[in-house]
Amino acid sequence: MKKTYGVVLIGCGHIGKAHISDIYFREEIDIIGVVDLQPELAKAFAKRFGAKEWSTDYRDFLNRPDVDIVIIATYVATHLSILRECLAAGKHVLCEKPIASSLEEGEEFYHLVKSHPECRVQVAHILRYNETYRRAAQMIHDGMIGEVRLIRMAQNHHIMNRERYATLLRDCPPIVDCGVHYVDVIRWFTGMDIVTLSGVGCRIGDVAPEDTYNYGLLTMQLENGASAFYEAAWADTTASSNLKEFIGDKGRIRLVLQEYRFQDHEEGDLIEYYDAVENVYHTINIRSKYKNMWGQLQGLIRSIETGVETFPTIDDVYIAFRLALLGDQAIKEEKFVNLRSDRELLD
Ligand SMILES: NC(=O)c1ccc[n+]([C@@H]2O[C@H](COP(=O)([O-])OP(=O)(O)OC[C@H]3O[C@@H](n4cnc5c(N)ncnc54)[C@H](O)[C@@H]3O)[C@@H](O)[C@H]2O)c1
């Protein structure tokens, strides 16, 4: 890295805190400002994380020459309008996922990024920067489980902060909000297209608006005929659970995150690997930070400095977004979506 980057954080909530707490003390980073509609939050973040200034209006910072990078960590419904103004001001952007909550806004987001190559835009698919996920991806790419035949994933939350989840659910259900991560994981790990989507969903309790659902089960097929599912709930009565399992014709990988380990918690995340050819079980401990925000920001800086594409590319981000929206539509309209290739969604 050649210089110090001036950064502004917009949105001092849950994920805004994860971003800033991992970057504010880095030598290469100068936190110029923090912004939130709630002044007490912005003020507290400024004090805690050494920001020079705070505001309730992000426009106060967009035309300043000392600002290089803007982190957008607000609700999904605001991502597009803030991105539009950041790009008009010539700023690089790290934007939280999902890019939008509707097809029209998502399309505009994608085309805006494509039409501003002078500004680098990284969308926060944070699992791409998680060491445990990266190792599992490498193991699969190296053929350690053979051809992937089945992917089983679940991420259910027992909600303890109703207000936050009620706000998130007004914009999109968890099958879209978190689902963009996991359809991206499927494509990243396997290098294959997702070609069918279907599913079911329901309301549990009253935290979700009446026209949507807070439990979804998305079922998918990959281009080689492999099956995959992703299950997501945000409800008062669901238990927290996490399943990430990748099954091939020569073996199996299961990820057990540190917080879900029953023992040896201090050793970090666990990759359980079954090598069916040798009939041997391996356990691999990985000291991994779940949300490696600094690694992700370094990825954006690398893209700014060298011109290489962001990781994941905006095409991969957009395909994941479109697939998650199609999954949502399949659940709401009880239909089966069939694609020749998921890359056709870029046209
Ligand atoms: N990558 C991940 O793993 C991950 C995890 C959680 C949330 N997220 C995403 O992050 C985004 C925010 O979620 P959250 O859980 O942090 O929500 P949150 O409610 O905790 O925080 C959002 C904050 O943004 C502020 N805000 C909203 N509009 C604003 C505006 N126009 N200007 C300034 N501040 C504004 C709100 O006041 C609030 O403090 C969502 O898109 C969510 O999907 C990503």
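Colleague: With which side chain does the side chain of Glu245 make a polar contact of 3.1 Å?

Modeller: This is a predicted model, in which local features need pLDDT of at least 70 and side-chain atom pairs count only at pLDDT 80 or more, while totals for chains, interfaces and linings use all residues. Residues are numbered from 1 along each chain as its sequence is written, and side-chain values use heavy atoms, leaving out hydrogens and water. A polar contact is a pair of N or O atoms within 3.5 Å; within protein, one must be able to donate a hydrogen and the other to accept it, and residues adjacent in sequence count only if both atoms are side-chain atoms. At 3.1 Å, the partner of Glu245 is Arg254.

Colleague: What is the length of the polar contact that joins the side chains of Glu245 and Arg152?

Modeller: Glu245 belongs to strand β11 (residues 241-248), a strand being a DSSP run of E with at least two residues and a helix one of H or I with at least four, numbered from the N terminus. Contact means heavy atoms within 4.5 Å; beyond four places in sequence, Glu245 has such contacts with residues including Arg152 and Arg252. The polar contact between the side chains of Glu245 and Arg152 is 2.5 Å.

Colleague: Does Glu245 count as buried or exposed?

Modeller: Buried means under 20% relative accessible area, exposed over 50% and partly exposed in between, with a 1.4 Å probe and protein chains only. Because its relative accessibility is 5%, Glu245 counts as buried.

Colleague: Which domains does the ligand lie between?

Modeller: The shell consists of 24 residues around the ligand, each with a heavy atom within 4 Å of it. Helices α1 (14-21), α4 (76-88) and α7 (162-171) each supply at least two of the shell residues. Domain bounds come from an automatic or database domain assignment. Both domains give residues to the shell, so the ligand lies between domain 1 (5-125 + 293-306) and domain 2 (128-289 + 322-346).

Colleague: What is the relative accessible area of Leu127?

Modeller: Leu127 sits in the loop between β6 (121-123) and α6 (131-141). Beyond four places in sequence, Leu127 touches residues including Tyr133, Trp188 and Tyr290. Leu127 is buried, and its relative accessible area is 3%.
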